[in-house]
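Please look through the sequence and the structure shown here, and then read the report that follows, which moves from the whole protein to a single residue.

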Amino acid sequence: MDFAITEESVLNDLINTCNCYFGFKVLDATPIKRGWLNLKWKITTDSGVFLIKQFNKERYKLYHHEELLLAFSQQMRLHSRGLPCPKLYSHEGQFLIESEKGELFMLMDYCKGTVIPPGKLNVHQMYDLGRVTGNMHQLLNDGTLSGKRYPEFIPQSREERLTHWESVWNHVNNTGKSDLLPILETQYKVTETINLGDFKLNETGWAHRDLWVDNLLFEEKKVSAVLDFDRMKYDYPQLDVARAVISGALDENNFNVHLVQAFIEGYSEQRFLEKGFIISSLKMLWFMESTWWINSSMDQHNGPPKRFAKEMLWLAENFKELDSMLGDI
């Protein structure tokens, strides 16, 4: 009950602030239960339909303010260049607005479309996701933004990663979760085969960095919106490709190669890809994310973390088969 009252009080604060700053009257507000900690509402007003996104104070501590502002400015640039993503509204030049009671929030257009469950995209949606992703990468890396000396993801050495898996294995073994030990053994064995030189570490650039189905809206045959640019940074665009592909094409343990092909065809319309790009990208994604989701508490995962862990498990279990599975793409 306390949470509901708090959520309602936050909404009332944001509505009052929007009324003051933007001059519209809110006729209806519907909560959107998606994402982690941040609160969101679809609001119908006398001036149109918008989305309010409140930034949870604890989650906000994980961000750098200036990096968020840069991400929002780029979202607006992408929107103006025709990428399907929400238009943001500013107050006194700021997209990140402080309410009367000190809440940080954003106001943006409400985008129509459907959230498709992981692995359930059709071939048309996957093709268009590839095209939109390629266009987004092309625009983000057109020279408007300068590059950085280092990407966000700095891969550990193989030796460091092996030491990590040994530590997790020991912790799991000591806590009596013997059912998780084979999973960790698989991560260790795959890591032994890793050659960081295969990861195309020179191909850095600006990327979305959270490009999975929960942050996408679709119509029947196309992407209607790319959402949540909060994590946009200078990194490896190939990780966006891998995240979108594994999210869209892996349905339980069935990896639909036709959907992968469709994505790559769409992406290649915007940016040139060498043969084998998707294989190295998926392997690199596993190397980055496996330590996030495969751990001693993975048996308690729910929601998105549970899905991400399944993706990492599938990649590890099929690591050797990726070449034969995707070698013609």
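## Helices and strands

In this predicted model, the protein contains eleven helices and twelve strands. Among the contacts that join residues at least 6 apart in sequence, 72% link residues that are at least 24 apart.

## Overall size and surface

Taken along the principal axes, the box filled by the C-alpha atoms of the protein is roughly 60 × 50 × 40 Å. A compact globule with 329 residues would have a radius of gyration near 20 Å, and the value of 21 Å for the protein agrees with this.

Of the 329 residues, 50% are buried, while the protein as a whole exposes about 15900 Å², of which carbon and sulfur atoms supply 48%.

## A closer look at Asn 215

Where does Asn 215 lie? Asn 215 is found in the loop between β7, which covers residues 205–207, and β8, which covers residues 216–218.

Is Asn 215 buried or exposed? Its relative accessible area is 6%, and because buried means under 20%, Asn 215 counts as buried. Leaving aside residues up to four places away in sequence, Asn 215 touches Asp 210, Ala 225, Val 226, Leu 227 and Asp 228.

Note on methods:
Residues are numbered from 1 along each chain as its sequence is written. This is a predicted model: local features need pLDDT of at least 70, side-chain atom pairs count only at pLDDT 80 or more; totals for chains, interfaces and linings use all residues. Side-chain values use heavy atoms; hydrogens and water are left out. Helices (H or I, at least four residues) and strands (E, at least two) are DSSP runs, numbered from the N terminus. Buried means under 20% relative accessible area, exposed over 50%, partly exposed in between (1.4 Å probe, protein chains only). Contact means heavy atoms within 4.5 Å. The radius of gyration is taken over C-alpha atoms; the globule rule is 2.2 Å times the number of residues to the power 0.38. Accessible areas come from the Shrake-Rupley method with a 1.4 Å probe; for residues, only the protein chains shown count as cover.
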